[in-house]
Amino acid sequence: MNAEERYTPLNWPDHPETQTLEGKNKFLGFWLFLAGETVLFASLFATYLALKDSVPDSSHPLAKDLFNLPLVFAMTMILLTSSITSVYAIYHMRNYHFKKMQAWFVITVLLGAGFLALEIYEFTHYVHEYHFTFGSSAFSSAYYTLVGTHGAHVTFGLCWIIALLVRNAKRGLNLYNAPKYYVASLYWHFIDVVWVFIFTVVYLIGKVG
Amino acid sequence: MKFGRLSFLFLLLTLVLAGCGEPFLSTLKPAGEVAETQLTLLFISTSIMVLVILVVVIIYLIVLFRFRRKKGEENKIPKQVEGSHKLEIIWTVIPILLLLSLSVPTIAATFKLGDVKDMDKVDKDGNREALVVNVRANLYWWEFEYPDLGIITSQDLVVPTDEKVYFNLKASDVKHSFWVPAAGGKMDTNTDNENKFYLVFDKEKADEAGNLFYGKCAELCGPSHAYMDFKVKAVSRDEFNQWATAMQKNKEEVQPTSDLAKQGQEVFQANNCIACHAVTANDARPETARTAPNLADFGNRTRVAGILEYNEENLKAWIQNPEKFKPGNQMYKEANLSEEELDALAEYLMGLKVQE
Amino acid sequence: MSSVAVKKGLGASVWEYLTTVDHKKIAHLYLGTGGFFFLLGGIEALFIRIQLMKPNNNFVSEQLFNEIMTMHGTTMIFLAAMPILFAFMNAVVPIQIGARDVAFPFLNALGFWLFFFGGVFLNLSWFLGGAPDAGWTSYASLSLRSEGHGIDFYTLGLQISGFGTLISGINFLATIINMRAPGMSFMRMPLFTWTTFIASALILLAFPPLTIGVFLLMFDRLFGSNFFDVTMGGNTIIWEHFFWIFGHPEVYILVLPAFGIFSEIIPTFSRKRLFGYSSMVFATVLIGFLGFMVWAHHMFTTGLGNVANAIFAIATMAIAVPTGIKIFNWLLTMWGGSIKITVPMLYALGFIPSFVIGGVTGVMQAVAPLDYQLHDTYFIVAHFHYVIIGGVVFGILAATHFYWPKMFGTKLSEKMGYVTFTLFFIGFHCTFFIQHFLGLMGMPRRVATFLPGQGLELGNLISSIGAILMAVAVIILLFNVVITSIRNKKVGADPWEDGRTMEWAIASPPPFYNFKQTPLVRGLDTWWLEKMEGKKELTPAEPLGDIHMPNNSIIPFFISLGLFVAAFGAMYNPLNSVGDGKSWGLPVLIIGLGITFGSMLIRSLRDDFGYHIHKEDLLEDDKGGKVG
C-alpha cells in the first residue's frame, strides 16, 4: 500500500494507523514508550507520597491547607472532555473526514490550553498566597515536580497536536500521517489518565486523607 | 589445563587465608557472638557454594577433556540434542533445595541480630538495664554518647566485654557507616533516621586482640573516608565502670598542673578551641553545637585524630596542619601557631586525663 | 537519496557516519566510542590500583582518587559496557531475525548520538573543575555536598545518555516484536535476540526510576529543590531506592546480552545445538522478572528492618536458580559436541568458571546478616568484578572476535587473541580473587588509601600486579585491531565455518540492505538447517523486488547537540548550589533546548518516505556490479 495513494471514505481502511509497517511500528513503539512513562510517573507518585506534608516547621502549609478542590475539579472536567474530543477526532480520522478530524483536534487543543491556564493560575495562587514555592520544602518540591511534570507533558502534547494540524493542513489525511495523529491521541489519553491519578492521590487524598 | 592449575592455587590460597587477618580487624577472627554468627553463615554459604562449584567444575573438566575436536574429525557433525526434561528438573530442584536450606539460617539470623527490643528494658527502678551508646558520625570523626551515664566521648569507644552493647546510630552531615569488623557487621549512620543494633565483645578474644578493636567508616563520605577509623577499647565490666565513674566525675575541667600545660590551656582558650571542643565529659550542649570531638580523657586516647600514632610530634603536626592528614576535615586547614604554642598545647591536651 | 558506496573520500565517510541510520554503521559507532571509553575506564582502574599498591600512597590525592574511582565505575558501566553491547545488538539482531534494519532507524541514530554527547559531557568534567566524586552510586547526602560541578556533570551527562539508552531499548523491543522474517516465531529466535529482547524490556522499565532519581538530584543541586535536604523535610533514602530499583535490573541489562553472546558462541564451536533452548528462554525471562524484585539487597545495612531484609534476601537467592539452569545448559551443549577452541570459545570457557565464582559470592551476599559484614567492603568489589568481567567483559571480548568478521569483513588474529585472553584471564583472577579476602579482613571499599599495620599490604600488592597484566592484554588487543585493519584480509560470509544463525548466511560485511529477499525461516538455527540440507543460501520468502530503505539524516546529531548545550546552561544557571551561576546560564539552557526541539520540529514537519533500491540494481549487484 503506497502511503501517498488517494482515498475516498469508502476505500479508506478501518484502521489506517496500522496499515503500513511504519504505522504498526509506531503503534507498538508508542505503547512501549507509554509503559516507560507509566513507570516514570509511578516514581514521581512514590516520591510525592513519601514526601507529602514533609515540611521543616509548622509555618509551612500542608496539603489540606493548600488545595482548592473546585478549581481542580474544573480542570479535571476540562481535561477529561478534551480526551473525549480527541476520541471524536480519531473517529473521524478512521472515516476519512479530514476537516472534522482537524476541527475536533482544535477543540482538544483549546480545552487543553484551558487546563494549562487554570493550572498556571493555581500555581501562581499558591506562590503568592502561601509562599508555597518549588524550594519551600521537600513537600513543595515533590508536589511541583509531580504536577509540573504532568503540566509539561500537557504542554508538549499541545505543541505536538498543533504541529500536526499545521503540517497536515494542506496535505490532508493519508496512510503516512494517520499513525501520527493516532499516536498523538494515545499520548493525550495517557496524560489524561495520569491526571485522574493526580486528582485522586494529590488533591483528594490531600484534602481528605 | 590452565584452569585446573589455577583452581588448585586458589584452593590453596583459600585455605591459607581463611582465618587470616588481624585479630583486631578481621571478620575471620570473630570477637563476639554477632561476628561469630556471621562467620558461621559465611562457612555454611561457602560450603554449599563450593558444592555447586565442584559439580560445575567436574562437568566442565570432563567436557574439556573428552569432547575436543580430534584430528581427523574435522567434518564430523555431532548428534544435535534438543535437551532433557529430566536434567532440567534436576538442576532446578536441587539448587532450590540448597537455597531453601540456606534461607533458614539466613532468616533466623536476620531476626536474631536485628532484635533490639531489650534495648528499652528497664529494671524495677525504671533504669535501663542494657548499655546503650548513641553513635553520631561526622566528617571525619565519631562521637559516642552514653545517655544513661551522662557522658560523652569521641574516637575511642569504651565498652564492657561479655554483654550486649546497643547502639543508636545517626550521622550529622552525610551518610557514614559504623563498622567494627572483628565484633560484627556494620550499620549505616543516616542523616534521616536513627538505626539500632547491638554488638558483643568477647573477653578472651578482646584480650587476644590487645583489648583494642579497630573500627572503620564503611560508606564513602568524602576525601578522608579512609581516615575515619575509630577504636574500641573492650575492657572488663569492672574496668568499664571505673572509667565511666571517672568520666562522670569529670564535671569540671581537670586543671593543668605544669606551667607548660597551663600555657597550653591559655592557647586553647585564646584560639577559641573551646567553642567546638568540650574538654569535659558532661557536655550539655545540644547536638548541633557539638561540632568537634569531645576531648575529655584525651590524654588516654589511643590515636591522634583517629589514625596517627599517639605521640607529641603527631599531635603538634595535626594541630598545625590538619588538612595534610585529613583533607576536607571540618576543623580548619592550617593553624598559625608557633612551635612554643604547639608544645604548650600538646602538653595541655595530653594531660587531660580522667584516670591514669 | 541512496547512500551509494562509490569510492569515498574521508570527508564523505565522516558525513556518512554523522548521518547514518544504518544499524550496521551505528554498530561501528557504538563499538568505537564504547571501546574508547573502555580504555578510559581501564586507565582509571590502573590509577586506582597503582594508588592502592602500598599503604599511605600518594600517587594521587584523596580527592582525585574519589573522582577517578567514581569515573571508573560510571564510565565502565554507562559509557563502555552498555554501548559496546548495543554495538553487537545493532550489528547482529536485525540480521538474526531476517530484517533489513531496526523498527526506527532514525531513533537508532538518535540513541547513539545522545549516548555520545552524554559521555562527552560527563568527561568534560575532568577539564572543567573536577569529575564527580561520590561514587557511581552518588548517594544523596554526599553528592549534595560535593563541591564543584562534578556531580552536575554526572546528573546531566547520565540524563542525556540515559535518554539514548531508553530510546534504543524501545527500538529493539519493537524490532523484535514486529519485524521478524516469515517463519520466525518467538521460539525460533536465536538466544542473542531473546536476551536482547528481555534486556530491552528491562531498560524500558528500569531507566525511568533512574531518570527520576537523577532529576531529583539535579533539581536539588541546580534549582533549589529539597528532595534530599533533611532540614527541609527531604529524605536521602529515596535516592537509594531509586538508584537501586534501576541499578539492580541494570546489571541484568549488562549480563543478559553477554549470556546471549555465549549462547551463540558455545553451540557454534561445539557444532551442536543449544541444549535446552526452551529452558534457556524461560530462564532469561525469569532472570529479567526477578531482577526487579531484589533491589534492596544493596540496602541491607541501611536500616529497612528485619522483615524487609529477610524478604529481599530470599528473593535474591531465587535468581541463582535460573542462572544455574543456564550454566548447566551451556555445559550440556558442549557435552557430546566437537569442541574447537577458537578465541571466542576460549572466552566462553573462561567465562563459565569465572562467572560461577562471581555468582556464588552473590548468593553469599544474599544472606542478609552475612552481608552486614560484607557490604561496602572489598568482598563486594571482588564479587561484582567477577560477574562483570567474568560475564560481561569476557562476553564483549568474545563477541569482538566472533563478530569482527561480520562487522568489518576481516578477522582478528587468533594468535594474538590467545595471548590477550591468557594475560587478561590471569591478571583478572590475580587482581580480584584476593579482594574477597581483603574485604573479609576488614578493608572497606572506596578508600583512597589504607593504613599500614592492618594486614592489608600483601593482598593489595597482589591485586595491583594483576591490573598491570590486564593492561598489557588490552594493549595487545589494540595491536591486534590495528594490524588486522592494516592487513585488511577479507573473509567470507561464514568465516567460522559453523555459523548457525542467519547473520552467517550473508556477506561479511553484509550489503547495506542486508537481504536481497527476506528469508523464510524454516526452523531454529536457520542457517545451520539450510547448510545441513546442502543449500548454499537461505530460502527466500518473497520474490526479488524493490527494497524500501530509510534516508540518512543529520538531525539526530543536532537533537543531541542541543541537549549538550542546554546542559551547560543548566549547570551554570544562577540558582545552582555551587554558587557560580552565570547570567548566560538560562539563555544557553533555552537556546540548547531550542536546538533540540527545533530539530525535532524540522524532522516532523517534513515528509520522509525513504527511498527505494530498484530490482534491476539488485540483479546488477548479483552480477558483481556495485549497487551500494
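**Stop 1: charges over rings in chain B**

Select K231(B) and Y214(B): the lysine lies over the face of the tyrosine, 4.3 Å from the ring centre. A charge sits over a ring here if NZ of Lys or CZ of Arg is within 6 Å of the ring centre and within 35 degrees of the ring normal. Next, pick K186(B) and W179(B). The charged end of K186(B) sits over the W179(B) ring, 4.2 Å from its centre.

Some ground rules before moving on. This is a predicted model, in which local features need pLDDT of at least 70 and side-chain atom pairs count only at pLDDT 80 or more, while totals for chains, interfaces and linings use all residues; side-chain values use heavy atoms, with hydrogens and water left out. Residues are numbered from 1 along each chain as its sequence is written, and chains are lettered from A and ligands numbered from 1 in the order in which they are written.

**Stop 2: the domains of chain B**

Colour residues 2-65 and 83-113 of chain B as domain 1, and 259-350 as domain 2. These bounds come from an automatic or database domain assignment. The C-alpha centres of the two domains lie 48 Å apart.

Helices (H or I, at least four residues) and strands (E, at least two) are DSSP runs, numbered from the N terminus.

**Stop 3: helix α7 of chain B**

Select residues 312-320 of chain B, helix α7. Which residues of this helix are buried? They are N314(B), L315(B), K316(B), W318(B) and I319(B). Buried means under 20% relative accessible area, exposed over 50%, and partly exposed in between (1.4 Å probe, protein chains only). The buried residues pack against β11 (303-304), β12 (308-309), α8 (322-325) and α9 of chain B. Contact means heavy atoms within 4.5 Å.

Look at the start of α7(B). A side-chain oxygen of N311(B) reaches to within 3.3 Å of the backbone nitrogen of E313(B). A polar contact is a pair of N or O atoms within 3.5 Å; within protein, one must be able to donate a hydrogen and the other to accept it, and residues adjacent in sequence count only if both atoms are side-chain atoms.

**Stop 4: aromatic pairs**

The whole structure holds 115 aromatic pairs over all chains. Select F268(B) and Y348(B). Their ring centres are 5.4 Å apart and their planes are at 55°, so the pair is tilted. The pair links distant parts of the chain, 80 residues apart: F268(B) is in helix α6 (residues 259-270) and Y348(B) in helix α9 (residues 339-350) of chain B. Rings of Phe, Tyr and Trp (its six-membered ring) pair if their centres lie within 6.5 Å; planes under 30 degrees apart count as stacked, over 60 as edge-to-face and the rest as tilted. F268(B) is buried at 3% relative accessibility, and Y348(B) is buried at 2%.

Move to F186(C) and F197(C). The centres are 5.8 Å apart and the planes at 40°, so this pair is tilted. F186(C) is in the loop between α6 (150-178) and α7 (191-222) of chain C, and F197(C) is in helix α7, 11 residues apart. F186(C) is partly exposed at 30%; F197(C) is buried at 15%.

**Stop 5: the α15–α16 loop of chain C**

Select T449(C), in the loop between α15 (414-440) and α16 (457-487) of chain C. Its relative accessible area is 3%, so T449(C) is buried. The T449(C) side chain reaches the backbone nitrogen of N56(C) at 2.9 Å. Beyond neighbours within four places in sequence, its contacts include A226(B), Y227(B), Q51(C) and K54(C).

R446(C) lies in this loop too. Its phi is positive, about 60°, although R446(C) is not a glycine. R446(C) is buried at 9%.

**Stop 6**

Select N488(C), in the loop between α16 and α17 of chain C. Phi of N488(C) is near 55°, and the residue is partly exposed at 39%. Then find P509(C), in the loop between α16 and α17 (526-532). The peptide bond from S508(C) to P509(C) is cis, with omega near -10°.

Finish at L139(B) and Y140(B), joined by a cis peptide bond with omega about -10°. Y140(B) is in the loop between β1 (131-138) and β2 (141-146) of chain B.
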